[in-house]
Amino acid sequence: MHHVGLALPVLIGSTLAVTTDPSLWTTATLGGKTFVNQGLVGFGYIPASARDSYGETLGGLGSAIALQKGTFKAGLNGTFTGRLIAQPDRGYNVETTIDWQARQHSFDFVLSPYCGKNKLDFDTAAKTFGIQYKTPGLPTSGLDAISSIPNTTIYPVLPAPGSGSSKISVDAEGLVLNTDGSFWTSDEYGPYIYRFGENGTLLQVIQPPTAILPTIGGKLNF
């Protein structure tokens, strides 16, 4: 069985108050400051057969992953808990793009740092970082942006998968989470930057300068 894996290293001076054996450490100096990587202390995985709340297999989680602000906390017996937000891009597109809803996946986790030197078997190691899938959101489309939605008093012209479509074509990449639950995501179709509310409602659109917008014959062409 294949798995999507997540691994957690430890840096001295970080929030994790754990220490591994110095023989496992590696160091790097940047800007006159020395950083110490104490090695791997946690490992977890999501089965490749796992499905999201849309009934589709989980995949492409690496476009952007962020720790939801305010969720990382020290627990009992040296454990730590928190929530990761993973954002895929435009979905399955081996043969062509599809009308795939952009989404974010929430994963609650419990980190139980392992600081020993002995090697662990796979199942034991996986217990150091327990992951629980939550829910996705943010409905849009992954289809190529062959049309556009006219500008309004609130939003600029937006990329769309076809004439008359009310969906925005989004190939989501970057992710920044805000403390109020809203988030920014960058898009490769626009290329635009969007701010969505916690429930997926579009709140704000940043359109790049005209010189960066894709045009053919002087006309906007996504």
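**Aromatic rings and the nonpolar core**

Visitor: How many aromatic pairs does a search of the whole structure find?
Guide: The search finds ten aromatic pairs. Rings of Phe, Tyr and Trp (its six-membered ring) pair if their centres lie within 6.5 Å; planes under 30 degrees apart count as stacked, over 60 as edge-to-face and the rest as tilted.

Visitor: Before we go on, what kind of model is this?
Guide: This is a predicted model, in which local features need pLDDT of at least 70 and side-chain atom pairs count only at pLDDT 80 or more, while totals for chains, interfaces and linings use all residues. Residues are numbered from 1 along each chain as its sequence is written, and side-chain values use heavy atoms, with hydrogens and water left out.

Visitor: Why is the pair of Tyr194 and Phe196 called tilted?
Guide: The ring planes of Tyr194 and Phe196 stand at 45°, so the pair counts as tilted; the ring centres are 5.9 Å apart.

Visitor: Is Tyr194 buried or exposed?
Guide: Tyr194 is buried, at 0% relative accessibility. Phe196 is buried too, with a relative accessible area of 3%. Buried means under 20% relative accessible area, exposed over 50%, and partly exposed in between (1.4 Å probe, protein chains only).

Visitor: Which residues form a cluster with them?
Guide: Tyr194 and Phe196 form one aromatic cluster with Phe183, Tyr192 and Phe222.

Visitor: Now the core. Which residues touch the most other members of the largest nonpolar core?
Guide: They are Leu158, Ile168, Leu175, Tyr192, Tyr194 and Leu202, out of 21 residues in that core. A nonpolar core is a set of buried Ala, Val, Leu, Ile, Met, Phe, Trp, Tyr and Cys residues joined through side-chain atoms within 4.5 Å.

Visitor: Which elements give two or more residues to this core?
Guide: They are β4 (64-67), β10 (158-160), β11 (172-177), β13 (193-196) and β14 (202-206). Strand β11 gives the most, with three residues. Strands (E, at least two residues) and helices (H or I, at least four) are DSSP runs, numbered from the N terminus.

Visitor: What is Leu202 in contact with?
Guide: Leaving aside neighbours within four places in sequence, Leu202 is in contact with Tyr155, Leu158, Ile168, Tyr194, Arg195 and Phe196. Contact means heavy atoms within 4.5 Å.

Visitor: And where does Leu67 lie?
Guide: Leu67 lies in strand β4 and counts as partly exposed, at 38% relative accessibility. Not counting residues up to four places away in sequence, Leu67 touches Phe72, Arg83, Leu84, Phe109 and Leu177. Leu67 and Val176 are 109 residues apart in sequence and 9.5 Å apart in space, C-alpha to C-alpha.
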